[in-house]
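This short report looks at one helix and the residues around it. Please have the sequence and the coordinates at hand.

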Amino acid sequence: MQPLTRGAVLRAAAALLLGGLVAAVGTTMHRSVEPWGLVLSLALVLASAVTVRAWSGFSALVGYAGGLFLVVQLLSQPGPGGDVLVTAQGLLGWTWVIGAAVATGLAAFAPRSWFRDVRLPAPPAPPAP
């Protein structure tokens with residue numbers, strides 16, 4: 001378990017902001033060019049979630065997920081004119097919301113050994129002539 005230091009809290013706050021940014025970009029772009037906008041948006045979520053976990057561990061990933069889902073849900077609500085970025089009737093909107101959760105879950109449940117920095121043993125010395 002990672003200790004809760006000032007640096008860990010700042011990294012989690014930065015991850016929260018990154019999650020919000022990724023959600024804003026993904027929510028606006030997932031319908032741009034069907035189906036490639038959705039595929040690229042989900043790839044962005046997965047890549048940034050893995051990066052956050054490798055950068056600062058699980059606590060920052062929780063902050064990232066919080067920012068991601070907060071902004072996705074916020075942008076899924078009807079706007080002042082009644083327009084909606086994520087439609088509940090279409091398969092594309094549901095795939096975006098559930099796919100973002102699955103992509104973040106993949107980063108969360110990936111083996112810890114993938115994100116550990118381990119010093120490799122030195123190669124054996126060549127034999128003396």
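H30 sits in the loop that links α1 (6–29) to α2 (36–56). The model is predicted. H30 has a relative accessible area of 0%. That is under 20%, so H30 counts as buried. Leaving out residues up to four places away in sequence, H30 touches G37, L38, S41, L85, V86, L92, G93 and W96.

Next comes α2 itself. The helix has 21 residues. From first C-alpha to last, α2 reaches 30 Å, close to the 30 Å expected at 1.5 Å a residue. Its buried residues are G37, L38, S41, L42, V45, S48, A49, V52, R53 and S56. These lie on the same side of α2, because they cover an arc of only 135 degrees around the axis. They pack against α1, α3 (58–76) and α4 (91–108). The face turned away from this buried side carries the exposed residues W36 and L40. After α2 comes G57, with a positive phi near 90 degrees.

D117 counts as exposed because its relative accessibility is 80%, and the cut-off for exposed is over 50%. D117 and F58 are 59 residues apart in sequence, yet their C-alpha atoms are 15 Å apart in space.

The two residues with stated accessibility are set out here.

| Residue | Relative accessibility | Class |
|---|---|---|
| H30 | 0% | buried |
| D117 | 80% | exposed |

Definitions and conventions. Residues numbered from 1 in each chain as written. Predicted model: local features only at pLDDT ≥ 70, side-chain atom pairs only at ≥ 80, totals over all residues. Heavy atoms only, no water. Helix = DSSP H or I, 4+ residues; strand = E, 2+ residues; numbered from the N terminus. Buried < 20%, exposed > 50% of the residue type's maximum accessible area, 1.4 Å probe, protein only. Contact = heavy atoms within 4.5 Å. Expected span 1.5 Å × (residues − 1). Arc of directions from axis to C-beta.
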